[in-house]
Amino acid sequence: MAANGEKQQGHRPGIYKQKNKGHKHGKHRTKGEIERENKGRVSVTALTKKQRKEQKKMDRRHKANQLRRNKKDMVLTEKRRLGSRDGPPHLVAVVALHAGVDAGAVTRLLRGEGAGGVVHQERCVSGVSDSFGLILPRFKQRFTFLSHNTADMHSLLDVAKIADSLVFVLDSAEGWDSYGDYCLSCLFAQGLPSHALVCQGVSDLPVKKRVESKRALSKITEVRFPDARLFPLDSEQDATLLLRHLGTQRQRKLGFRSRRSHLLAQHVTFTPNGPAEGMGGGPTGLGTLCVSGYVRGRPLRVDRLVHISGHGDFQLSQIDASTDPLPLHLTTPRPAKPGKGGDVDMLVGVFGIKVIDGGEDEAPVRVLMKADPSCRESLQTEAEVDPMDGEQTWPTETELLEAEEARKNKRVMKVPKGTSDYQATWIVDEDEEENGEVDEESSDDDDDDMMDEALDGEDEEINSQDPGSCCGSEEEEEEEEEEEVCSTERPGADQRYDEHMDEAAEEEGLKRYREARANEMFPDEVDTPLDTLAKIRFQRYRGLKSFRSSPWDPMENLPLNYSRIFQFQSFERTRRRILAEAAAEEEGAMVGWYVTLHIIDVPFSVMESVQSGKPLVLVSLLPHEQKMSVMHVLVRRHPGNTEPIKSKEELVFHCGFRRFRASPIFSQHTSADKHKMERFLRPDAPSVVSVYAPITFSPAGVLLFKQRNDGIQDLVATGSLLSCDPQRIVLKRIVLSGHPFKINRRSAVVRYMFFNRDDIMWFKPVELRTKWGRRGHIKEALGTHGHMKCVFDNQLRSQDTVLMNLYKRVYPRWTYDPYVPLPLPWVKREGTVEMDDQDME
């Protein structure tokens, strides 16, 4: 207060006074609090762009989690069904990979009482003597074991195609021998299911050497099986651990069998057709084959065709539900409730199962389904050939007028007989006279090959004539005496060694090696014949400006065999549709049911094969898989085989569940629309094998074997199915070579390519190239003996070679044979190669 008593006036702020922000009292909510309170419930009208993006992200995340969870549940369900009451028994094949091990000792340990299992059925697989069914009440699982002889390669591959697990028996010191490694190569190429490695004899070693032996054996096996576990099997406790591992290990899915229903025959009967059928029943005729077994893979439909491995395709008449011979509740029987006889009985009303009483001694037969002739797939493999299909109707007046005008304006040219207009577009004709008529049959590929071989044979005979053969008789006698002395050094061993040698096969192998070496040194080069015009000899060949971009009509001049095959408008689209339908198939005999299939019109040779001890494997074919087409297989040469394999040579194919013989052609694996043919199967690059064969939808493994004259089948290549495309263009190339005689700045005189003036004028439009990269063309002919003047883009070198590329389309031979002879057992193989100790003395 002021001293004079006056009241002081307070300060009033002006417009420039600083105003600070008020304190936040916490009455607002953060974004996180709002989202937690709303719990994802957002008003549609208030949804921003950012919120919509976050919402879509959450939806995608939830969908991915649902798919992942469903897939995991499906895998677990499928794993738990295998070997359980609802699924088929776990099929295990025991394979010995060494001649010194005994697979029977492994099966005896597994069936022992100490392993905890109950052997219910002896010889449960038809045709296989060493097979039994095993029930493990402790694990609530059931197994079917079979021990197979590795000498029969066909049966071994058939069993491996349907087995759930393979048990490989190894030697404790060497692991596997040479034939065991050969078997592993075939199994890996075909597709290896889940497996386990077993060795015996480790417990017999001293305690200090057991660890060292296991470490050495693991080092050997990690080459083929890097992640596999090695199980010693010397006691019943080891057998229990192995059974636990087989029942719980992860199952490897094989694409060619998981998409098709398949079955291993456990009981087979044959009923010959009676006189009423008129099929000539009896021991050598046809009949009905009744095959009983567990359905695996996919549900089995009665209207689908079935393929019996090694015997062909057949039709089903009906499917019966039989009593399960390996029930899981064997040791603890339960009282059966009325009307509850199992899974099949529960679906009686669904499928309309008809129960037929077989009498007091026989169990009642429950018919699941019968085939409808109107819906059943046919056995037609080839298309009906109509020889009048290419004929045209009577032309109209407009077409006649157009043809008359085209004839007036058409350039007349003389070409070899059988040449089409499309082939003649690149030919330049200057009123040449045709030298004789050409037979149509001479234009076939086989005749061209035979002519090439004949010309090569003449060259070999000329080269084989040694000018030094006219020496004196004394020198010849001395050479003969020296040879006689050399041949009598070891008469007994040499004669015994030559007993198994085939001289004709040796000469054929030498000729094949020479051809392969010549093709490697001079690819596709051929000699121009001296006594035949080149335009006649190579009339089916044509030149291409560019192998990559030049057009080639895929429908031009197709062979007659193409009228017998089937073709898809889009093979890949059809494959995806059929496989998707097969995956969603829910009709037919379900997986795990024990059923009896009635297969009609089966030859008695199938029953003879079963009686001889071979397993019987059946697979249900997908639609169109019985029809013939042109199949392409991508293969690689097997490193263990170095023998030259020539194109169009007969080979044995193992494609999926099928095996057959055919003569394929080889071509390069490229992404272009034209593919160059290979005369021999290349060892250093993948090749495409084209063959006439039944349609098979990929994926499927393919094995190629070559059968020798003595019956031995050698693995030459392995691969997988590529496609089914009859329009795939495979071109055979030949190269005509010439040598520069006189070289100028940009032109040169070339000789030895042709030996006739007419041939030079005929091939004048074709482009030339050299080994050093020069390109040019023929300008004119000089003289009458084949000299020609050529112009190039740069000057030639004196050591250069002038080349001309000619092409023609080739097709495989129709030599398809579904019946493959059995290979020679390995015991006889070693007898032909190795010698006894007595022979070596």
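# A walk through the predicted fold

Leu197 stands opposite Leu230 in strand S7. Two strands count as paired if DSSP finds at least two bridges between them. This is a predicted model: local features need pLDDT of at least 70, side-chain atom pairs count only at pLDDT 80 or more, and totals for chains, interfaces and linings use all residues. Residues are numbered from 1 along each chain as its sequence is written, and side-chain values use heavy atoms, with hydrogens and water left out.

Step back to the whole chain. It has 21 helices and 32 strands. Helices (H or I, at least four residues) and strands (E, at least two) are DSSP runs, numbered from the N terminus. Buried residues make up 43% of the 841 residues in the chain. Buried means under 20% relative accessible area, exposed means over 50%, and partly exposed lies in between (1.4 Å probe, protein chains only). Of the contacts in the chain with a separation of 6 or more, 77% come from residues 24 or more positions apart. Contact means heavy atoms within 4.5 Å.

Now return to S6 and S7. They belong to an open sheet of seven strands, in the order S2-S3-S4-S1-S5-S6-S7, with mixed pairing. Its edge strands are S2 (118–122) and S7 (230–232), each pairing on one side only. From one strand to the next, the twist averages 30°. Strands of a sheet pair through backbone hydrogen bonds, either parallel or antiparallel.

Helices lie across these strands. Helix H7 (residues 236–248) lies across S1 (90–96), S3 (131–136), S4 (141–147), S5, S6 and S7, running at about 110° to S4. Angles run from 0 to 180 degrees between N-to-C directions, and axes are lines fitted to C-alpha atoms, for helices over the stretch in contact.

Next comes a helix pair. The axes of H4 (residues 153–162) and H5 (residues 178–190) come within 11 Å and cross at roughly 45°. H4 and H5 are therefore oblique to each other. Angles under 35 degrees count as roughly parallel, over 145 as roughly antiparallel, 65 to 115 as roughly perpendicular and the rest as oblique. On the H4 side, the contact is made by Met153, Leu156, Leu157, Ala160 and Lys161; H5 supplies Tyr179, Tyr182, Cys183, Cys186, Leu187 and Gln190. H4 is mostly covered, with ten of its ten residues buried. Among them are His154, Asp158 and Lys161.

Strand S31 (residues 802–809) is another enclosed element. Eight of its eight residues are buried, so S31 is largely enclosed by the rest of the structure. Val802, Met804, Leu806 and Lys808 point one way; Leu803, Asn805, Tyr807 and Arg809 point the other way. In a regular strand the side chains alternate between the two faces of the sheet. S26 (residues 729–743) pairs with S31 in the antiparallel sense over eight bridges. S28 (residues 768–770) also runs antiparallel to S31, joined by three bridges. Met804 of S31 has Leu736 opposite and also Leu768 opposite.

Last, look at Ser687 in strand S23 (residues 687–694). Ser687 is buried, with a relative accessible area of 2%. Leaving out residues up to four places away in sequence, Ser687 touches Val633, Leu634, Val635, Ser667, Leu681 and Arg682.
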